[in-house]
Amino acid sequence: MKKRYIRHAAELVTCKGPAPKKGKDMADIGLIYDGGVLIHDDKIFAVGTTEELDKMVNMDEYEVIDASGKTVLPGFVDSHTHYIFGGYRANEFSWRLKGDTYMSIMERGGGINATVVPTKEATLEELVEVGKERMNRMLEFGVTTVEGKSGYGMDCETEIKQLRAMKKLDEIHPVDVVTTFLGPHSVLPQYKGKEREFIDMLLNDVMPIVKEENLAEFADIFCEKNVFEIEDSEYYLTKAKEMGFKLKVHADEIVSLGGAELAARTGAFSADHLLKASDEGIRQMAESGVISTLLPATAFCLKEPFAPARKMIDSGCAVALASDLNPGSCFTNNIPLLVALGCIYMGMSIEEVITALTINGAAAVDRADTIGSLEPGKKADIIFLKFPSIHYMPYHTTINLVETVIKNGETVYHKEW
Ligand code: NIG
Ligand code: FE
């Protein structure tokens with residue numbers, strides 16, 4: 001058995017306790033000063049102060065890792081991305097800077113539909129290659145698990161190709177991948193006005209294959225005015241759930257449509273975006289335990305007001321933060337940017353931001369029993385920051401402080417400064 005002992009962490013963030021953390025519990029990150037972690041093979045064996053752990057171990061049996069002067073945290077979980085796609089849409093960013101809106105670009109054939117052709121044209125190997133590069137960048141930011149969605153094919157072959165690329169990447173890359181089927185991501189011109197027909201095609205022809213080959217665990221939909229309205233979204237989510245998919249919803253991003261309420265009604269794991277979530281939607285998310293996954297880098301890139309994180313937490317919601325990395329609305333996977341936006345613009349404390357990026361992200365992908373916190377029995381997915389306190393995270397604004405990443409007990413990334 002391989003045994004490693006992380007010792008003398010200036011601040012050890014455990015995030016231990018029941019998950020997800022809701023409301024005021026989000027501020028409790030189980031901080032231990034001068035902390036340590038014992039790793040046995042790929043799992044955490046014990047967590048405590050260095051003094052406590054020193055008494056438990058025979059030091060000769062362990063590879064000792066000195067973490068003095070460092071902050072040690074659970075690996076980050078980026079619980080909402082669209083990182084597998086072909087092509088780029090840099091032109092759209094420039095159009096938006098000149099005053100175009102995300103939806104007006106989408107309505108004239110750009111947006112998500114503009115990524116469909118290059119994604120169809122890409123081979124599986126090309127998607128794996130580009131995905132690997134993007135996952136290497138994620139790892140540098142301390143992300144040890146990522147959720148990735150299909151949704152740039154909207155036909156059987158391409159959707160399945162995207163999901164297969166992610167399955168392959170899950171096998172070959174240290175970062176774990178949780179896959180989500182997002183066939184109803186946009187309406188292709190041939191289906192305009194026939195959204196229900198398109199959804200039925202996905203439900204009948206594509207999703208049984210996805211299920212059979214175990215290519216996706218979650219099903220998601222872009223529930224939005226002029227994309228998939230509430231009725232069609234509810235139909236899709238209900239059927240997807242009957243087929244055994246867990247649910248996620250792109251909800252209340254551009255207009256207040258009742259997406260948060262829909263997520264609560266259908267028993268979704270998360271409602272995502274939520275810039276325009278209603279007070280009633282917030283109340284229902286809190287009550288039903290739907291995780292509010294906020295994507296502030298998207299709001300930032302679209303120059304939209306941020307989701308009301310403070311109100312959500314004060315109302316008892318469990319909030320997660322994720323990057324939404326995608327080719328259109330938000331081409332970044334920069335975790336320190338999420339920290340900055342969360343703390344500076346969304347009224348979150350650094351403790352709440354950490355919870356949102358770790359245990360609540362893990363809960364949003366139904367992995368809270370194995371990742372997201374440093375607790376005995378969980379995967380040894382652990383990151384070290386160069387500096388001794390969590391308070392350096394917002395203070396060193398948008399600077400990546402991740403120095404070391406341990407995944408399943410192995411050091412898979414180390415930065416020499
Ligand atoms: O979460 N809003 C819908 N889907 C993505 C954007 C995808 C794209 O523009 O390519 C999002 O922001
Ligand atoms: Fe998204």
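**One residue and its setting**

Tutor: Lys248 is placed in strand S10, which covers residues 246–251; here strands (E, at least two residues) and helices (H or I, at least four) are DSSP runs, numbered from the N terminus. The model is a predicted one, in which local features need pLDDT of at least 70, side-chain atom pairs count only at pLDDT 80 or more, and totals for chains, interfaces and linings use all residues. Residues are numbered from 1 along each chain as its sequence is written, chains are lettered from A and ligands numbered from 1 in the order in which they are written, and side-chain values use heavy atoms, with hydrogens and water left out.

With a relative accessible area of 0%, Lys248 is buried; the word buried stands for under 20%, exposed for over 50% and partly exposed for values in between (1.4 Å probe, protein chains only). The side chain of Lys248 has a polar contact, at 3.0 Å, with the side chain of Ser270. Such a contact is a pair of N or O atoms within 3.5 Å; within protein, one must be able to donate a hydrogen and the other to accept it, and residues adjacent in sequence count only if both atoms are side-chain atoms. From Lys248 to His80 the separation is 168 residues in sequence and 9.7 Å in space, C-alpha to C-alpha.

The iron ion (ligand 2) is coordinated by His80 (NE2), His82 (NE2), His250 (NE2) and Asp324 (OD), at 2.0 to 2.4 Å. Donors are taken as N, O and S atoms within 2.8 Å of the metal (3.2 Å for Na, K and Ca), and water is not among the atoms, so sites may look incomplete. Along the chain the donors of the iron ion (ligand 2) have the spacing H-x1-H-x167-H-x73-D. His80 and His82 are both buried.

The other ligand follows. Around ligand 1 there are 16 residues, the closest being Arg89, Tyr102, Tyr152, His273 and Ser329; a residue is counted as near if one of its heavy atoms lies within 4 Å. By class, this shell consists of 5 nonpolar, 8 polar and 3 charged residues. In this division Ala, Val, Leu, Ile, Met, Phe, Trp, Tyr, Cys and Pro are nonpolar, Asp, Glu, Lys and Arg are charged, and the others, Gly among them, are polar. An N or O atom in the side chain of Tyr152 is 2.6 Å from an oxygen atom of ligand 1. For Arg89, a polar side-chain atom is 2.8 Å from an oxygen atom of ligand 1, and for His273 the corresponding distance to an oxygen atom of ligand 1 is 2.8 Å. Of the 330 Å² of accessible area that ligand 1 has on its own, the protein covers 100%; these areas come from the Shrake-Rupley method with a 1.4 Å probe, and for residues only the protein chains shown count as cover.

Leu274 is found in the loop between strand S11 (270–273) and helix H10 (279–288). Its phi is near 65°, a positive value in a residue other than glycine, and Leu274 counts as buried because its relative accessibility is 0%. Asn214 also has a positive phi, near 55°. Asn214 belongs to the loop between helix H7 (195–212) and strand S9 (218–219) and, at 53% relative accessibility, counts as exposed. Most residues other than glycine have a negative phi, and most peptide bonds are trans. The peptide bond from Ala19 to Pro20 is cis, with omega near -5°, and Pro20 is in the loop between strand S1 (3–13) and strand S2 (31–40).

Thr358 sits in the loop between helix H14 (350–357) and helix H15 (359–364). A relative accessibility of 0% makes Thr358 buried, and a polar atom of its side chain is 2.7 Å from the backbone oxygen of Ile354.

The whole chain may now be considered. The protein chain contains 16 helices and 16 strands. Its radius of gyration is 21 Å, close to the 22 Å that the globule rule gives for 417 residues, so the chain is as compact as a globular protein of that length; the radius is taken over C-alpha atoms, and the rule is 2.2 Å times the number of residues to the power 0.38. The C-alpha trace spans about 70 × 45 × 45 Å along its principal axes. Of the 417 residues, 60% count as buried, Lys248 being one of the buried residues.
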